[in-house]
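Subject: Handing over the structure

Hello,

Here is the structure I promised to pass on to you. Please have a look at it first, and then read on for my notes.

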Amino acid sequence: MHHQGGASGAAPPPPPGACGLRPIPVRRAARCPVPRPRCDLNYMSVIQSCAMPGHGGIYHYLQNAPNAISRDVAHAEAHDQFVCPHCGDSVVGAVIAATRQDAGLVGVQWIRCPSCHQGVVKNTGMLAPSAPAGEAVDGLPPDVAAAYAEARNCAGVRAYTACELICRKILMHVAVDKGDAAGKSFAQYIDYLENSGYTTPTMKPWVDLIRTHGNVSTHEIPPADSGRAMGTLAFTAQLLKLVYEMDFKVKQFMSPPSSTGTP
Ligand SMILES: [Zn+2]
């Protein structure tokens, strides 16, 4: 990570946030690592020198450990940015410990999320548990949300065949949620969504890819590759956005019906 950013210009340091801590630039946006309730420091920042809450309140089993080094929490490698798999926030995490690369050890970082305070591990850069893959979609009914979350989690752990199976099953969830009967074929569900006006004829080719990719994953031996599965997941996300999320969001801008019947 490059938390120090390109400090070559003469730009004044950014002001401290409401938490009283002063940010320094990093390359990507991150949230203030002060735990909830967060302050309004929500721009490209990481805390430079402070009583890092993510680093506090921890037992360090360090005494008598061979070749161990203690570092300051303001060290450039004391923070790392990631999407927390537990709470879903994009955060600058507190690196609690890391193996010594200068000693030739396998690269491992033990990191704590400043939002939910849960921990993750990066093994040679690979996050565990992994964050869900794909885009979040708002406004889903519970069973569709659960199925889509499972598809994202599958892709996040590179279970691509399972991801495609669930994406195809989501077609059934959506059609039945919108009034179709259970027990039909996936092709019939796609026709129902089109005939009911939830999808358009121009959407049909890629909506049908969700079905056909799921068929391949179900009936053929070679596993799904990441490119195809991530495409299937992206098509599924787009379908769910058009069927549910747009309607969910537009309702946030609509006035409740007048009790007098006047416009
Ligand atoms: Zn978290």
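In what order do the elements of the protein run from the N terminus on? The order is β-β-β-β-β-β-β-α-α-α-α-α. That gives seven strands and five helices. Please keep in mind that this is a predicted model. Of the 263 residues, 28% count as buried. If you take the contacts between residues at least 6 apart in sequence, 48% of them join residues at least 24 apart.

**The sheet**

Five of the strands form an open sheet with antiparallel pairing, in the order E3-E4-E5-E6-E7. Its edges are strand E3 (79-83) and strand E7 (126-128), each of which pairs on one side only. From one strand to the next, the twist averages 40°.

Two of the pairings can be followed residue by residue. Strand E5 (residues 108-112) pairs with strand E6 (residues 119-123) over five bridges, in the antiparallel sense. Within this pair, glutamine 109 is opposite lysine 122 of E6, and tryptophan 110 is opposite valine 121 of E6. The hairpin of E5 and E6 has six residues between the strands, and histidine 117 there takes a positive phi near 70°.

E6 then pairs with E7, again in the antiparallel sense, over three bridges. Here asparagine 123 has methionine 126 in E7 as its bridge partner. This hairpin has two residues between the strands, and threonine 124 takes a positive phi near 45°.

**The helices**

Two helix pairs are worth a look, and both involve H4. Two packed helices are described by the angle between their axes and the distance between the axes.

How do helix H2 (residues 160-177) and helix H4 (residues 204-219) pack? Their axes are 8 Å apart, at an angle of about 135°, which makes H2 oblique to H4. The crossing of these two helices is left-handed. On the H2 side, the residues that meet H4 are Thr161, Glu164, Leu165, Cys167, Arg168 and Leu171. On the H4 side they are Ile210, Arg211, His213, Gly214, Ser217 and Thr218. Sorted by class, the contact of H2 with H4 has four nonpolar, five polar and three charged residues.

For helix H3 (residues 186-195) and H4, the axes come within 10 Å and cross at roughly 150°. H3 is therefore roughly antiparallel to H4. This crossing is right-handed. Phe186, Ala187, Ile190 and Glu194 of H3 make the contact with Lys204, Val207, Asp208 and Arg211 of H4. By class, the contact of H3 with H4 has four nonpolar, no polar and four charged residues.

**Cysteine 167**

Leaving out residues up to four places away in sequence, cysteine 167 touches Ala151, Ile210, Gly214, Thr232, Leu233 and Thr236. For one of these, isoleucine 210, the C-alpha atom is 6.5 Å from that of cysteine 167, although the two residues are 43 apart along the chain.

**Backbone details to check**

Most residues other than glycine have a negative phi, and most peptide bonds are trans.

- A cis peptide bond joins alanine 128 and proline 129, with omega about -5°. Proline 129 sits in the loop between E7 and helix H1 (142-156).
- Asparagine 67 has a positive phi, near 55°. Its place is in the loop between strand E2 (46-47) and E3. Asparagine 67 has 8 C-beta neighbours inside 10 Å, so it counts as exposed.
- Arginine 158 has a positive phi of about 65°. This residue is in the loop between H1 and H2. Arginine 158 counts as partly exposed because it has 13 C-beta neighbours inside 10 Å.

Best wishes

Definitions and conventions
Residues are numbered from 1 along each chain as its sequence is written. This is a predicted model: local features need pLDDT of at least 70, side-chain atom pairs count only at pLDDT 80 or more; totals for chains, interfaces and linings use all residues. Helices (H or I, at least four residues) and strands (E, at least two) are DSSP runs, numbered from the N terminus. A residue is buried if 20 or more other C-beta atoms lie within 10 Å of its own, exposed if 12 or fewer, and partly exposed in between; C-beta atoms are placed from the backbone. Two residues are in contact if their C-beta atoms, placed from the backbone, lie within 7 Å. Two strands pair if DSSP finds at least two bridges between them. Axes are lines fitted to C-alpha atoms, for helices over the stretch in contact, and angles run from 0 to 180 degrees between N-to-C directions. Angles under 35 degrees count as roughly parallel, over 145 as roughly antiparallel, 65 to 115 as roughly perpendicular and the rest as oblique. A crossing is left-handed if the near helix is turned anticlockwise from the far one by less than a right angle, and right-handed if clockwise. Ala, Val, Leu, Ile, Met, Phe, Trp, Tyr, Cys and Pro count as nonpolar, Asp, Glu, Lys and Arg as charged, and the others, Gly among them, as polar.
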